[in-house]
Amino acid sequence: MVKTFKEQFSDDERRASFERIKEALLEESYKTRKSEFYSDLAEEYKFIKDRVQKALLSIGCNDLADKIENCGRGKKCQSIWCESCRNNAAETYKNKVKKQIVAKYGSDHDEKFVSDNLLHVTGHCEVCRFDIDSLGQAIERDKIRWRKMRERNASSGIWGIATYEFELIDFEFMLRSNEDEKKQAALAQMIKQARTQGSLSQDDSHVLWVHWHGIFCATKDQIERMVGDLYHVEYDTVKNGETISVKERVKKTAESGLFVQEFHKSKSLEKNITGITSYNFKNAVRYKHTFAGSDYKGGEEIDRQDLGRLVKLYSDVQGSNWRSLYREIGV
Ligand SMILES: [Zn+2]
């Protein structure tokens, strides 16, 4: 029997050929994003706002583009890609935290004492598809975790205020990036979990990493007790030919599966709070990871349409005054 052209090559050879094509595609995508970015930066397109305009227009979201462009004339756009609204969002968050501090410690509180009693906590919710339905479901699932945390917290008197961040991750590219192994390990677990749950398929390489950053007035032990295993990841894996179910905490996290950090001792209370409360309201126009090169400190550019979709997604999800991005406990 005559072998087909394909059959005349070994699996390894075919795989190598496939890899070469993939590399070429990645290289091409890298160049496109880079040139788009710099053409956007050129001449009148000097600001992120202009890049966002182009991004939104490229996907036909003219209304939202107009709203952001005309922000301030009667109505604030509340997009976190708008400099003034982004600052407002961070300020709003900061004020909520400060209000709690005053309620608990009084207005003449000792800054160092308060700093020592606060924690910066990060929760990995899940990785989902880059669309509004999947994101909505992920948020709903996390809402349930917070409800359970509130029930357990009923009488302990601790408080916490967190806001979501939806970070766009290109899984294909992430696989090629060598940096931040901690983040990669956590993402790998979450992708396995999403695939096991069926909320993500092998083909979904563009994903949203849903997580939150918050400030808690609690001890580490109190957080452990309140959170339990709500933030542990669960997935199926094959071991010795058998499918087994794994439940574990996210790599490098505390027992609860959350990242729990103390406030920086060397920084003032104000600086610590400002840092955390503005963190989630960054106007991302780049990936936070780099993959094709390490020439961009802040990560590589998100392509125009994806950026447009991300800006639109936030606008659809965040609610008025960013209300839907918040989760609170004991407040
Ligand atoms: Zn605005």
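A residue is called buried here if 20 or more other C-beta atoms lie within 10 Å of its own, exposed if 12 or fewer do, and partly exposed in between, with C-beta atoms placed from the backbone. By that count, 32% of the 331 residues in the protein chain are buried.

Welcome to the views below. This is a predicted model, in which local features need pLDDT of at least 70 and side-chain atom pairs count only at pLDDT 80 or more, while totals for chains, interfaces and linings use all residues. Residues are numbered from 1 along each chain as its sequence is written.

**View 1**
Helices (H or I, at least four residues) and strands (E, at least two) are DSSP runs, numbered from the N terminus. Two residues are in contact if their C-beta atoms, placed from the backbone, lie within 7 Å. Of the contacts between residues at least 6 apart in sequence, 75% join residues at least 24 apart.

**View 1. Helices α2 and α11 cross.**
Here helix α2 (residues 48-58) meets helix α11 (residues 304-317), with axes that come within 7 Å and cross at roughly 90°. Axes are lines fitted to C-alpha atoms, for helices over the stretch in contact, and angles run from 0 to 180 degrees between N-to-C directions. Angles of 65 to 115 degrees count as roughly perpendicular, and α2 and α11 are therefore roughly perpendicular to each other. From α2, Val52, Lys54, Ala55, Leu56 and Ser58 take part, facing Arg304, Gln305, Leu307, Gly308, Val311 and Lys312 from α11. These residues divide into five nonpolar, three polar and three charged; Ala, Val, Leu, Ile, Met, Phe, Trp, Tyr, Cys and Pro count as nonpolar, Asp, Glu, Lys and Arg as charged, and the others, Gly among them, as polar.

**View 2. Strand β2 has two strand partners.**
Eleven of the twelve residues of β2 (residues 159-170) are buried, so this strand is largely enclosed by the rest of the structure. Two strands pair if DSSP finds at least two bridges between them. β2 pairs with β3 (residues 206-217) in the antiparallel sense over twelve bridges, and Glu165 has His211 in β3 as its bridge partner. Four bridges also join β2 to β7 (residues 326-329), again antiparallel, with Thr163 partnered by Tyr326.

**View 3. Gln78 has a positive phi of about 60° although it is not a glycine.**
Look for Gln78 in the loop between α3 (62-69) and α4 (83-105). Gln78 counts as buried, with 20 C-beta neighbours inside 10 Å. Setting aside neighbours within four places in sequence, Gln78 is in contact with Cys85 and Trp322. Gln78 and Trp322 are 244 residues apart along the chain, yet their C-alpha atoms are separated by 7.7 Å.

**View 4. Asn240, a residue other than glycine, has a positive phi near 50°.**
Asn240 is in the loop between β4 (233-239) and β5 (242-248). Asn240 is exposed, with 5 other C-beta atoms within 10 Å.

Where pLDDT is low, the predicted coordinates should not be read in detail.

Technical notes
Parallel < 35°, antiparallel > 145°, perpendicular 65-115°, else oblique.
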